[in-house]
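Me: I'm new to this structure. Could you walk me through how to read its features?

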Amino acid sequence: MNLKSSNWLSWIILFLMIIFTVRDIVTININPYLITLLLCGISFCLSYKDLVAFSCFLLPLSCGIQSFIWVFIIGCLLIRARRISLETVLLFLLFVSLELFDQARALIVSNEIKNTIFYLVSLFLVLFLVNNDKPRELDYSKNIRYFLYGTSFLLVVLFSRIIIQHGILEVLSGAIRYQLEDTSTSGDYVFYTNANNLGLYATV
């Protein structure tokens with residue numbers, strides 16, 4: 001099954017937003033492996049053009065999903081590309097190495113490692129788009145638009161959680177520092193960030 005229509009991507013994005021809203025704002029526990037399986041299935045079925053746009057949408061949401069999904073997505077992008085630059089291959093290998101260390105618990109899993117993985121994925125996507133051998137198959141304005149969709153949705157979820165945790169009056173008074181630490185437990189995932197990253201998202 002190949003979801004070639006861009007209309008499919010819009011409905012998929014809306015469906016994922018509902019799932020993440022239920023998980024993070026309504027606070028109904030959703031198995032993170034089920035979400036990972038869903039994202040992998042979507043990535044496999046999307047056309048090359050929509051897969052790039054889907055990657056741009058997921059990038060800001062990396063703080064709330066399993067990083068393994070990026071191994072699958074980047075692998076799909078590399079397999080479908082006719083020409084691969086050395087830089088993208090090296091970044092992919094470094095990312096896979098970090099992910100393997102993470103899964104094997106050979107390194108202390110921390111927010112710093114997760115941030116490193118996020119920046120590696122970001123750099124990979126930039127290099128992949130710049131060195132892409134199928135420029136006519138990509139819609140760069142669409143990719144930027146979907147990145148903004150992901151960023152805007154993340155901000156809505158984060159600020160909603162901050163208001164739920166602290167109350168609207170305390171938020172408006174400026175008495176708190178806008179941040180959400182990683183409160184996931186027992187393998188569960190939620191969107192989290194610190195004040196610096198939140199400011200970065202807001203600026204974007």
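Reply: By class, the largest cavity is lined by five nonpolar, three polar and one charged residues. Here Ala, Val, Leu, Ile, Met, Phe, Trp, Tyr, Cys and Pro count as nonpolar, Asp, Glu, Lys and Arg as charged, and the others, Gly among them, as polar. This is a predicted model, where local features need pLDDT of at least 70, side-chain atom pairs count only at pLDDT 80 or more, and totals for chains, interfaces and linings use all residues. Residues are numbered from 1 along each chain as its sequence is written, and side-chain values use heavy atoms, without hydrogens and water.

Me: Which residues line the largest cavity?

Reply: Rolling a probe the size of a water molecule over the atoms shows where empty space is left. In this structure the lining is Arg23, Ile30, Pro32, Ile35, Thr36, Gly64, Ile65, Gln66 and Tyr189. Helix H2 (residues 32-45) gives the largest share, three residues. Helices are DSSP runs (H or I, at least four residues), numbered from the N terminus.

Me: Is Leu172 buried or exposed?

Reply: Buried means under 20% relative accessible area, exposed over 50%, partly exposed in between (1.4 Å probe, protein chains only). Leu172, which lies in helix H8, counts as exposed because its relative accessibility is 66%.

Me: And how many residues of helix H3 are buried?

Reply: Helix H3 (residues 48-58) is mostly covered, with 10 of its 11 residues buried. Among them are Tyr48, Asp50, Phe54 and Cys56.

Conventions
1 Å grid on protein atoms, 1.4 Å probe; cavity = no way out; pocket = protein on both sides within 12 Å on 5 of 7 lines; lining within 4 Å. Helix = DSSP H or I, 4+ residues; strand = E, 2+ residues; numbered from the N terminus.
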